[in-house]
Amino acid sequence: MLNIHYFASIREIVGKDSEHLELPSGASTVKDLVEHLSTVNPAFKSLVDSEKKILVAVNQTVADESCMLSKNDEVAFFPPMTGG
Amino acid sequence: MISIQTDDFDLNDEIQKLRRKGGDTGAIVTFTGLVREFDSHKNNQTKAVKYLHLEHYSGMTEKSVETIVEEAMTRWPVLAARVIHRIGKLNPGDQIVMVGISSGHRKDAFDAAEFIMDYLKSKAPFWKKQYTDQDSHWIESRETDVDALRRWQDLNAK
């Protein structure tokens with residue numbers, strides 16, 4: 001199962017902080033996962049369609065949409081970081 | 001040594017710990033960031049800040065900060081490094097972050113501390129939500145923070 005996390009403004013828009021999901025068949029990359037989430041969650045789709053910048057981390061390392069996913073990966077979506 | 005915590009910290013204690021870390025310490029530089037009382041970021045309107053709420057990605061935060069500190073230690077002859085970043089609810093005037101560096105000489109200590117702060121701003125998974133009397137909003141990343149990183153990356157390329 002993929003372990004998906006949402007943070008900050010993304011968490012508020014999506015309406016949950018995490019979820020477990022089987023990697024959909026035929027899906028192998030972050031881009032595929034984003035497409036899948038957009039079809040099952042209208043709030044997530046609205047986010048992807050907006051101008052908002054979304055970052056993704058796979059197993060706690062920032063990744064891009066071509067990153068390959070394995071079935072037990074931890075994937076996180078969040079806005080640009082504002083530490084310090 | 002890295003701490004992500006809700007509790008406040010005592011800057012003087014941290015300086016004394018850096019003094020005792022050993023090595024031929026000639027310089028200790030510390031930076032402390034505070035929660036500002038006024039927000040003049042949006043539309044040049046000044047609003048009184050009631051409080052901030054700091055969210056983070058537990059696990060990734062610690063890993064990211066460790067990577068940043070390790071990178072600083074490969075670039076400069078740092079003897080000891082200390083990073084404290086607070087999370088949760090913070091009021092105006094509260095200490096929010098502290099970076100402390102001990103080194104043989106001041107230039108290395110200043111540079112390493114500034115490098116770590118610049119990277120903490122946009123490469124460690126923290127997010128700030130600001131509450132005023134009227135509303136609340138997520139603080140957005142600033143172009144100047146990205147520029148600050150570019151400076152170190154350009155140095156790297158030389």
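A residue counts as buried here if 20 or more other C-beta atoms lie within 10 Å of its own, as exposed if 12 or fewer do, and as partly exposed in between, with C-beta atoms placed from the backbone. By that rule Phe77(A) is buried, with 24 other C-beta atoms within 10 Å. This is a predicted model, so local features need pLDDT of at least 70 and side-chain atom pairs count only at pLDDT 80 or more, while totals for chains, interfaces and linings use all residues. Residues are numbered from 1 along each chain as its sequence is written, and chains are lettered from A and ligands numbered from 1 in the order in which they are written.

**Phe77(A) and its strand**

- Phe77(A) sits in strand S5 of chain A; strands (E, at least two residues) and helices (H or I, at least four) are DSSP runs, numbered from the N terminus.
- S5(A) covers residues 74-78, and four of its five residues are buried, so the strand is largely enclosed by the rest of the structure.
- Strand S1 (residues 2-6) of chain A runs parallel to S5(A), joined by four bridges; two strands pair if DSSP finds at least two bridges between them.
- Within that arrangement, Ile4(A) has Val75(A) as its bridge partner.
- Strand S3 (residues 55-58) of chain A pairs with S5(A) in the antiparallel sense, again over four bridges, and Val56(A) stands opposite Phe77(A).
- Setting aside neighbours within four places in sequence, Phe77(A) is in contact (C-beta atoms, placed from the backbone, within 7 Å) with Tyr6(A), Ile10(A), Ile54(A) and Val56(A).
- Asp17(A) is 60 residues from Phe77(A) in sequence, yet the two C-alpha atoms are 9.9 Å apart in space.

**Chain B overall**

- Chain B has four helices and nine strands, in the order β-α-β-β-β-α-β-β-β-α-β-β-α from the N terminus.
- Buried residues make up 31% of the 158 residues in chain B.
- Of the contacts in chain B between residues at least 6 apart in sequence, 72% join residues at least 24 apart.

**Where chain B meets chain A**

- The contact takes 21 residues from chain B and 13 residues from chain A.
- On the chain B side, helix H2 (60-75), helix H3 (106-123) and strand S8 (126-132) each give two or more residues, and H3(B) gives the largest share, five residues.

Notes. Contact = placed C-beta atoms within 7 Å.
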